[in-house]
Amino acid sequence: MKNKSARTESWHPRAWQAQSLLLAYPDERFEQYLPLTARVAATLPEHVAGPLARFTAHAERTATTDLAAAYVATFDHRKRCCPYLTYYGHGDTRRRGLALLKLKQAYTAAGWRLADDELPDHLAVVLEFAATEPATGLRLLTGHRAGLELLRLALNDEGSPWAHLLDAVSATLPPLAGDDREAVARLAAQGPPEEQVGLDPYASPVFLPDPVVGGPR
């Protein structure tokens, strides 16, 4: 899916970096991110800043251990809330392995190296990359727009506080075009492919990896 009107704004990197930090697993460093992301939100347009501020307010009044438990229950135990973007288009099929490889190649071409415990399609990872390489990052985010929107809708349906972050991510992207809407509707109706074949060179065919301490960052 392509949108010829897609272009980066000067505030995009700040927004994507803040969203990346808040979408990572809430570890012992998470509390340190909250005042930083609150300051960043104050510099962003309201349609992006508002959802960020709502999530930050929730996180500030929630114990980190409770937030971490909710994160695992939301993202690791509910397939419809999968944070791994290539899953929506490819499921756990061989095509997903190729999509993961293409993402990693895009990162490598930009001189960006993943940690060994990171998959390249976790939304927090894609956003962190977009913050450092805005033009390429915007292309990757819009290319996975259908999956992003399905995740956003699922989190809103669940009443999840992370829905605010997906609202903020969506607000950084161009309005949905006709083909984007059709892709979202098609994925919502059909779901991802179900062929289980393994994801070489990305480890086993299990749906989600166990949460890593520190999570994607």
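Guide: Welcome! Angles here run from 0 to 180 degrees between N-to-C directions, along lines fitted to C-alpha atoms. Keep in mind that this is a predicted model.

Visitor: What makes helix 1 and helix 7 roughly antiparallel to each other?

Guide: Helix 1, residues 12-23, packs against helix 7, residues 123-132, at an angle of about 155°, and their axes are 8 Å apart. Angles over 145 degrees count as roughly antiparallel, and therefore this pair gets that name. Helix 1 also passes helix 7 in a left-handed crossing.

Visitor: Which residues of helix 1 and helix 7 meet?

Guide: From helix 1 come Pro13, Trp16, Gln17, Gln19, Ser20 and Leu23. On the helix 7 side you can find Leu123, Ala124, Leu127, Glu128, Ala130 and Ala131. This contact divides into 8 nonpolar residues, 3 polar and 1 charged.

Visitor: Why are helix 3 and helix 10 called roughly antiparallel?

Guide: The axes of helix 3 (residues 46-60) and helix 10 (residues 162-171) cross at roughly 165° and come within 8 Å. The cut-off is over 145 degrees, so helix 3 and helix 10 are roughly antiparallel to each other. Their crossing is left-handed.

Visitor: What makes the contact between helix 3 and helix 10?

Guide: Helix 3 brings His47, Val48, Pro51, Leu52, Arg54 and Phe55, while helix 10 brings Trp162, His164, Leu165, Asp167, Ala168 and Ala171.

Visitor: How many residues of the contact of helix 3 with helix 10 are nonpolar, polar and charged?

Guide: There are 8 nonpolar, 2 polar and 2 charged residues.

Technical notes:
Residues numbered from 1 in each chain as written. Predicted model: local features only at pLDDT ≥ 70, side-chain atom pairs only at ≥ 80, totals over all residues. Heavy atoms only, no water. Helix = DSSP H or I, 4+ residues; strand = E, 2+ residues; numbered from the N terminus. Parallel < 35°, antiparallel > 145°, perpendicular 65-115°, else oblique. Left-handed = near helix turned anticlockwise from the far one by under 90°. Contact = heavy atoms within 4.5 Å. Nonpolar A, V, L, I, M, F, W, Y, C, P; charged D, E, K, R; others polar.
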